[in-house]
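Subject: Structure for you to look at

Dear colleague,

I am handing over the structure we spoke about, and you will find it directly below. After it I have set out what was found, so that you can read the notes with the structure open beside them.

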Amino acid sequence: MSTPPAPTPPSDFLRELVTRDRAAGKHGGRVVTRFPPEPNGYLHIGHAKAICLNFGIAQEFGGVCNLRMDDTNPTTEDPEYVHAIEEDVRWLGFQWAGRTYYASEYFERIYECAEQLVRKGKAYVCDLSAEEVSRARGTLVTPGTESPFRGRSPAENLDLLRRMRKGEFPEGSRTLRARIDMAHPNMNLRDPVLYRIRFAPHYRTGSEWCIYPMYDYAHPLSDAFEGITHSLCTLEFEHHRPLYDWFLDNLDIGHPQQIEFARLNLAYTLMSKRRLLELVNEGHVTGWDDPRMPTLSAMRRRGYTPRAIRNFCAEVGVAKFNSLHEIALLEHVLRDDLNRVALRFLAVLRPLKVVITNYAADQVEEMTAINNPEDPAAGSRQMPFARELWIERDDFAEVPPKGFHRLSPGTEVRLRAAYIVRCTGVVKDAQGNLVEVHCTYDPESRSGLPGANRKVKATIHWVSARHALDAEVRLYDQLFTHPEPASDAAGGDFRRHLNPRSLEVLRGCKLEPSLASVAPGTPLQFERLGYFCVDSRDSRKEALVFNRTVTLRDTWAKVAAKGG
RNA sequence: UUCGGGAUGGUGUAAUCGGUAGCACAGCAGACUCUGACUCUGCUAGUCUAGGUUCGAGUCCUAGUCCCGAAACCA
């Protein structure tokens with residue numbers, strides 16, 4: 001057996017940098033990363049990129065990656081989100097070091113560091129209101145002005161800070177600020193706020209604290225406390241890096257390195273937790289796990305596999321260029337994975353009755369169908385065949401368009417895993433609507449028999465009418481009609497670009513009987529239609545509900561669209 | 001106007017010290033097919049601009065152009 005070619009190691013600027021650092025003996029060659037979501041919303045496909053990067057790099061270099069809740073703002077955070085985040089990361093296929101970390105568990109140490117900065121004269125208590133601070137900060141092109149409280153002595157600041165902590169001052173009345181440079185061209189260094197007063201209970205620390213650290217201050221310290229070596233974050237934090245470094249330079253607690261990469265953007269959807277929350281709250285979707293949402297919980301419910309998402313993240317690569325990815329790539333990796341694992345079934349979404357006029361009314365045959373041609377181990381199953389069948393409405397045309405090789409009067413098609421039939425006529429109602437199609441079958445053409453070995457233009461799917469299961473099937477399309485619904489180019493409100501046809505509910509769909517006992521989440525292929533799964537939330541034994549994960553590639557649809 | 005980033009086919013992403021611009025998706029054409037799927041074959045298409053250095057520039061130098069981000073007691 002020849003050795004398979006060595007998989008080319010993923011190469012990108014992050015991995016190159018880590019490789020260089022290790023070669024240089026930085027951090028003793030260790031690699032420790034972290035994925036630090038704020039528990040104020042559900043994780044989406046954009047987070048998956050960060051997760052794959054942080055956990056992936058740690059794995060590849062023999063290091064670890066911590067899952068850390070960045071929970072320094074008690075007013076927006078909730079344990080519901082903590083659980084959802086943990087579930088999503090686990091589902092994606094990553095393990096973290098024994099337990100979840102929380103920035104909030106460092107509150108005491110973070111506070112001690114603040115006292116240290118105060119003692120060194122690097123931080124001061126400021127009595128300006130939020131609005132005054134904002135005004136004094138200056139603008140992008142004009143320097144700010146120094147706070148009148150900037151000159152307070154370390155002793156006075158220390159006393160004030162301790163009293164802030166004790167709750168002696170009203171909410172919003174004072175802040176602790178770093179003393180850096182109010183004229184700095186980087187606005188993040190114009191005496192940023194370290195602590196604000198909030199008499200809000202925290203979901204983990206309760207009412208123990210009434211002052212809470214800001215992200216810019218808490219984050220580098222949390223990283224340092226955990227011995228993080230490479231702190232990966234998205235581009236918008238690039239000019240926070242000098243501040244990240246400033247805190248660590250002024251505190252002797254170690255110095256992780258912050259490195260920025262471009263966040264993931266996907267066309268025709270949104271990637272902002274705030275806006276996703278608005279979609280949920282305003283009822284444009286049924287919840288965070290509405291299968292049209294880009295959240296991981298929604299994608300899971302819709303039938304995405306973790307492997308497909310991981311492959312997608314690997315395919316998109318990582319750089320510092322703000323890119324917009326086409327949905328086509330996501331769907332490609334999805335189909336690629338589903339094709340390998342999905343069990344095949346026959347299901348008719350828009351039924352049209354077919355009567356096999358030369359087939360005995362009381363006869364039933366069991367047809368054998370392969371469960372997954374990509375995986376012989378998946379075996380086969382039986383499907384009942386009878387005189388009356390359902391076929392797909394689209395598989396019949398009374399007047400076939402050019403290139404159509406499905407069923408039409410006088411032509412033959414093969415019924416998947418059954419017989420070859422020829423259309424002999426149609427039945428219409430008083431209004432001229434097509435009600436049923438009449439066919440004759442060729443008894444010699446049963447699958448497996450020699451008579452089946454002749455060329456027929458098309459093979460179509462079918463379900464025995466009297467054995468069919470009824471089901472609801474939900475077809476999803478992109479949530480927005482604009483590739484960047486929230487961009488300026490889209491002209492304002494993303495709500496204007498909601499796709500009115502993002503959900504199509506089909507009732508009275510006809511399924512082959514073995515679909516009765518499929519577990520939610522099991523990847524299925526309805527042959528010739530797409531990949532589907534049982535809806536984990538709404539499907540019941542007596543009222544089956546399926547989600548369409550993604551369609552099959554449909555070359556004919558493209559041709560037909562052009563022709564007509 | 002300030003600061004920080006970034007520009008390679010339609011979309012993304014590679015290219016060791018300066019040495020044949022590669023890969024994936026999409027698109028097009030064909031082969032195969034009991035899924036118009038899968039698979040396979042072929043094709044189309046790219047270095048922001050202008051100068052410069054060099055035998056040779058996506059890569060180095062100079063000057064521009066365009067795009068993104070930044071002024072929460074959010075993260």
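Predicted model: local features only at pLDDT ≥ 70, side-chain atom pairs only at ≥ 80, totals over all residues.

Although Asp191 is not a glycine, its phi is positive, at about 45°, and the residue is buried, with a relative accessible area of 0%. His27, which lies in the loop between α1 (13-23) and β1 (32-35), is another residue other than glycine with a positive phi, in this case near 55°.

On the overall layout, the domain assignment of chain A gives domain 1 (13-101 + 217-325), domain 2 (107-216), domain 3 (347-461) and domain 4 (469-561).

The centres of domain 3 and domain 4, taken over C-alpha atoms, are separated by 25 Å, and 21 residues of domain 3 are in contact with 17 residues of domain 4. Between them the two domains bury about 1,600 Å², of which 56% is on carbon and sulfur atoms. Of the area that domain 3 buries against domain 4, 36% is supplied by Ala347, Leu349 and Arg350, more than by any other three residues.

As for the polar side of this interface, the rule finds four salt bridges across it, and it also finds seven residue pairs in polar contact there, both residues being at pLDDT 80 or more. The side of domain 3 that touches domain 4 draws at least two residues from each of β11 (347-348), β14 (380-385), β15 (388-392) and β19 (459-460), with the largest share, four residues, coming from β14.

Another is formed by Asp21 and Lys26, whose side chains meet at 4.0 Å, N to O; here Asp21 is buried, with a relative accessible area of 10%, whereas Lys26 counts as partly exposed at 37% relative accessibility.

The salt bridge between the side chains of Asp336 and Arg340 (3.9 Å, N to O) sits within one helix, α12 (residues 327-341), where the two residues are separated by about one helical turn because they are four residues apart. Both ends are partly exposed, Asp336 at 37% relative accessibility and Arg340 with a relative accessible area of 36%.

A further salt bridge brings together the side chains of Glu412 and Arg454, at 2.9 Å from N to O. Glu412 lies in strand β16 (residues 412-415) and Arg454 in the loop between β18 (434-442) and β19, so this pair ties together parts that are 42 residues apart in sequence. Arg454 counts as partly exposed, at 30% relative accessibility. Elsewhere, salt bridges that share partners join Asp289, Arg301, Glu472, Arg474, Arg507, Asp535, Arg537 and Asp538 into one network.

With best wishes

Terms used. Residues numbered from 1 in each chain as written. Chains lettered and ligands numbered in written order. Heavy atoms only, no water. Buried < 20%, exposed > 50% of the residue type's maximum accessible area, 1.4 Å probe, protein only. Domains from an automatic or database assignment. Contact = heavy atoms within 4.5 Å. Buried area = accessible area lost by both parts, 1.4 Å probe. Polar contact = N/O pair within 3.5 Å; in protein donor to acceptor, adjacent residues only side chain to side chain.
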